[in-house]
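Subject: Handing over the structure, with notes

Dear colleague,

I am passing on the structure below, together with some notes on what was found in it. Please read them with the sequence and the structure open beside you.

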Amino acid sequence: MMTSPLLRPSLHHFRSLRLLGTAAPRTLAVERLAVAPSQGFAPDALPVALTFEDPSAFRVKSFGELLRALGVFQLCSVPVLVNNCGKLMSVARTLLGKRGFALFLRPSVYAQFVAGESEGEITRSMEKMSSLGLRPMLAVPIEEDLGESTGERRYDDNLASMLECVSMSHSNAWSKDPMMQLKITALLSPELCVKLTTLLSEQQYDLDLLVRAMDGEPISFPGLQESENTHFLGGLQRLNKVGETSANKVRVLVDAEYTYMNPALSLITMAMMKKFNQDGAWIWNTYQCYLKESRSLLLEDVRLSISESFCLGVKLVRGAYMDKERKLAKNEGWSEPVHESWEHTNDSYNGSLDILLELISRDPQRYRIIVATHNEESVRRAVQRMGELGIDKDGGSVCFGQLLGMCDHVSLTLAQQGYLVYKSVPYGSVDNTLPYLVRRAQENRTVLQGIRKERDLLRLELHRRLRQGFRQGSKG
């Protein structure tokens with residue numbers, strides 16, 4: 001084994017020292033972006049359609065799809081059901097049995113939020129989405145948290161699923177520019193990611209060290225026991241396989257997770273970017289704007305991409321783990337990492353959005369962003385800034401993203417206006433997607449409870465069809 005001498009005092013100090021020495025014109029431009037006030041937002045300058053008030057966006061849905069969406073959203077608006085959905089589904093599965101539970105769930109919640117299980121079902125879902133002008137971003141619903149690790153064989157099986165996702169995304173004509181999602185904890189244990197995060201508070205692994213390990217070099221990482229080091233090398237090589245298979249074919253968007261492991265995940269993602277993003281943004285990182293440090297982390301990574309000469313892909317989200325993050329901080333006596341208010345989170349999101357759009361307007365080949373949000377105001381802001389900065393709707397550097405089965409009034413309207421829109425599309429069996437569905441429901445409870453507008457628009461479209469059917473029946 002080789003022992004690396006490349007240690008640094010801390011993650012923050014490492015990046016600060018490293019990037020202070022790269023005062024190239026581009027870096028200085030980034031500094032100006034960090035302090036420049038954002039432009040005023042004038043929604044009156046936008047197309048009327050982008051008020052997202054028109055129920056005609058739902059005319060592409062069948063009568064059955066309208067009824068299903070209304071029923072599911074009604075259930076999702078009841079806090080006691082959302083908060084206890086995991087327990088309720090567990091009880092229902094016990095009472096109904098595996099097959100009975102699947103028969104119960106498949107036509108309702110599963111059909112609303114999951115593309116299907118077989119390749120035929122997935123293909124039909126994707127073809128319909130494509131016909132509506134939407135692009136799929138496939139997501140294998142595999143993830144682990146602390147205490148859920150199941151061994152190397154499971155991680156190797158997960159790798160096979162990820163490679164199958166790459167193949168499905170690339171080999172079908174669903175999308176001109178396919179994307180997929182990846183959780184690093186599907187290929188590397190959460191416990192090791194937490195330990196690495198602790199180590200990174202005191203020392204830093206150089207990006208080149210991780211790239212060499214991805215290439216199969218037997219690196220010995222300081223601070224890790226032999227078994228941990230072996231697992232880390234295996235995990236990096238699994239991630240490398242995903243990168244090699246997807247490069248120049250499918251854009252891989254790496255999800256952020258909890259703050260107690262995010263520094264490790266970000267370090268690994270940056271190493272993947274350094275290796276695979278030389279000629280384009282094929283590996284992307286996710287930035288959770290409900291975190292107080294999100295904008296500084298984004299700016300540091302912009303500078304790092306410049307100093308290391310790789311392209312930067314950004315998935316910009318508000319974040320989905322707020323309740324758990326606050327509870328953990330309280331229990332551990334830490335300062336809360338999450339912004340105190342929704343308004344502060346909005347400011348954080350819109351500020352980061354402005355920074356990326358400015359950078360894209362100057363160098364659309366080096367930077368890309370997916371505006372992954374259900375927030376209408378942020379969508380309108382992005383559209384307006386794109387117009388002001390001369391960024392093409394369909395140039396590929398800026399796209400929008402929402403979850404499958406949610407926020408369709410925004411997704412469909414944007415697509416009708418010519419913008420690039422992706423839907424996050426999980427797939428798999430009822431059993432395999434159930435933990436995913438429960439977590440998404442609980443993590444997005446504030447979104448689910450705020451779907452009144454979409455529900456009202458669905459009702460308007462349903463009533464329109466009923467009136468139309470009644471009139472036609474009367475004439476007959």
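The buried residues of helix 7 are covered by several elements, among them helix 6 (119-131), strand 2 (135-139), strand 3 (179-182), helix 8 (190-200) and helix 10 (226-246). Please keep in mind throughout that this is a predicted model. The residues of helix 7 that are buried are Y155, N158, L159, M162, C165, V166, M168 and S169. Helix 7 runs over residues 152-171, and because its 20 residues at 1.5 Å a residue should span 28 Å, the 28 Å between its end C-alpha atoms agrees with that expectation.

S169, which has its place in helix 7, counts as buried because its relative accessibility is 4%, and the cut-off for buried is under 20%. Leaving aside neighbours within four places in sequence, S169 is in contact with L138, P178, M179, M180 and V250.

A search of the whole structure finds two cavities of 30 Å³ or more, and the second largest cavity holds about 30 Å³ of space. Its lining is made up of P136, L138, S169, W174, S175, P178 and M179, and by class the lining of this second largest cavity has five nonpolar residues, two polar ones and no charged ones.

Helix 12 is the next element I would look at. The 14 residues of helix 12 should span 20 Å at 1.5 Å a residue, and its end C-alpha atoms are 20 Å apart, which agrees. Of those 14 residues, 10 are buried, so helix 12 is largely enclosed by the rest of the structure. The buried residues in helix 12 are S294, L298, L299, E300, D301, V302, R303, L304, S305 and I306.

Just after helix 12, S309 takes a positive phi of about 60°. S309 lies in the loop between helix 12 (294-307) and strand 7 (312-317), and it counts as partly exposed because its relative accessibility is 41%. Another residue other than glycine with a positive phi is C407, where the value is near 60°. C407 has its place in the loop between strand 9 (398-403) and helix 16 (408-416). Is C407 buried or exposed? With a relative accessible area of 5%, C407 is buried. These two residues are pointed out because most residues other than glycine have a negative phi.

Among the contacts in the protein chain with a separation of 6 or more, 80% are between residues 24 or more positions apart.

Finally, a word on confidence. The protein chain averages a pLDDT of 86, and 86% of the residues score at least 70. Over residues 1-26, however, pLDDT stays under 50, and the model has 55 contacts beyond four places in sequence for that stretch.

With best wishes

Terms used. Residues are numbered from 1 along each chain as its sequence is written. This is a predicted model: local features need pLDDT of at least 70, side-chain atom pairs count only at pLDDT 80 or more; totals for chains, interfaces and linings use all residues. Side-chain values use heavy atoms; hydrogens and water are left out. pLDDT is the predictor's confidence in each residue, from 0 to 100. Contact means heavy atoms within 4.5 Å. Helices (H or I, at least four residues) and strands (E, at least two) are DSSP runs, numbered from the N terminus. The expected span of a helix is 1.5 Å times one less than its number of residues. Buried means under 20% relative accessible area, exposed over 50%, partly exposed in between (1.4 Å probe, protein chains only). On a 1 Å grid over the protein atoms alone, a cavity is a set of points where a 1.4 Å probe fits but cannot get out, and a pocket is an open set with protein on both sides within 12 Å along at least five of seven lines; lining residues have an atom within 4 Å of a point. Grid points are joined across faces, edges and corners, and a volume is the space filled by probe spheres set on the points. Ala, Val, Leu, Ile, Met, Phe, Trp, Tyr, Cys and Pro count as nonpolar, Asp, Glu, Lys and Arg as charged, and the others, Gly among them, as polar.
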